[in-house]
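These are my notes from going through one protein chain. I wrote down what I looked up, in the order I looked.

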Amino acid sequence: MAQPVARTVRAAGHELWLVGGAVRELLSGHGREAVRDLDLTGTAPAGRFAELTRQALEEDGETYELWPKVSPDTLVCSVYGPRLSTPLLEYRGLGLNGFRFPTTGTDIAADSRNRDFTVNSILYDFERHLVIDPSERGLTDLAVRGRALVPASRSTDPVVRAELTLRAVKFLARWEADGPVDTRELCSWTAEFPADLVGELRERGDQAWRELRDFHHECLGDLPADRQRALASALGPCAAHLLETLLETRRTARP
């Protein structure tokens, strides 16, 4: 499916790369069975990518039943199959932060700093078979035994800090079978968190807190609470307090 889309996008003068978990797992030698989903990024705006995707799928006899959909809230284009509720692939143009509304349009180095961790910022050009490491850290951190979980940037935004903490706990749980994960730089970053991180998050309003609760369930809903606590405590007291608050909120919210 991605090949005809890539050809059409490139023919229109745009670049397209595979990014995120698929690249990370393939470079780690885990094989295609470890790939959970396909994330793409590139120079085309989301609307233009959706238009080009429709064109590619209409022209390709094997994928005509797939259909793209753009979220106005995130500018992510998701491609769904027949009767599927989860997308087969998701595309977001090169990331651009600093605005109150979703926007895209930057270079690959700046995009890498908008990712969560360096190991997730590696790009793969699957037509030219080129691996690109814009952060100049991703491949090195991936090669460390057990991997090194290094934040792509040291953001001070409380929501970003909270979301990356939850994602860090998710990856620590997923990778623990591969051996100890190097979290030295991650712990150095979480040590900078304010003592009242939860208070700062609640100041963002009820909607922001609900979205964080939903994100917590999405990332860690299947992980036992005691395991969440143990992994978060290894990241420092602020991370531990955040997870404990979210777990308590989740427990009291149940009927």
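What does the accessible surface of the chain come to, and what share of it belongs to carbon and sulfur atoms? I got about 13,400 Å² for the surface, with 50% belonging to carbon and sulfur atoms. I note here that the model is predicted.

**Entry: the whole chain**

I looked up the secondary structure and found 11 helices and 7 strands. The radius of gyration is 19 Å, close to the 18 Å that the globule rule gives for 255 residues, so the chain is as compact as a globular protein of that length. I also took the extent of the C-alpha trace, which spans about 55 × 40 × 35 Å along its principal axes. Of the 255 residues, 45% count as buried. I then turned to contacts between residues at least 6 apart in sequence, and 63% of these join residues at least 24 apart.

**Entry: the core**

I looked up the largest nonpolar core, which has 56 residues. Among those with the most contacts inside this core are Leu16, Phe117, Val169 and Leu212. Helix α6 (residues 158-175) gives the core its largest share, 9 residues. I picked Leu212 and listed what it touches, leaving out residues up to four places away in sequence. The list is Ala162, Glu163, Leu166, Leu201, Leu242 and Leu246.

**Entry: helix α9**

I checked the length of helix α9 (residues 206-220). At 1.5 Å a residue, its 15 residues should span 21 Å, and the end C-alpha atoms are 21 Å apart, which agrees. Which residues of α9 are buried? I found Trp209, Leu212, Phe215, His216, Cys219 and Leu220. These residues cover an arc of only 115° around the axis, so they are on the same side of α9. On the face turned away from that buried side I found the exposed residues Asp206, Gln207, Asp214 and Glu218.

**Entry: two positive phi angles**

I looked up Glu136, which is not a glycine but has a positive phi of about 60°. Glu136 is in the loop between β7 (130-132) and α5 (138-143). Arg147 is not a glycine either, and its phi is positive at about 75°. I placed Arg147 in the loop between α5 and α6.

Is Glu136 buried or exposed? Its relative accessibility is 66%, so I put Glu136 down as exposed, since the cut-off for exposed is over 50%. Arg147 has 4% relative accessibility and therefore counts as buried, the cut-off for buried being under 20%.

Conventions
Residues numbered from 1 in each chain as written. Predicted model: local features only at pLDDT ≥ 70, side-chain atom pairs only at ≥ 80, totals over all residues. Heavy atoms only, no water. Core = buried A, V, L, I, M, F, W, Y, C linked by side-chain atoms within 4.5 Å. Buried < 20%, exposed > 50% of the residue type's maximum accessible area, 1.4 Å probe, protein only. Helix = DSSP H or I, 4+ residues; strand = E, 2+ residues; numbered from the N terminus. Contact = heavy atoms within 4.5 Å. Expected span 1.5 Å × (residues − 1). Arc of directions from axis to C-beta. Rg over C-alpha atoms; globule rule 2.2 N^0.38 Å. Areas by Shrake-Rupley, 256 points an atom, 1.4 Å probe, with all protein chains shown as cover.
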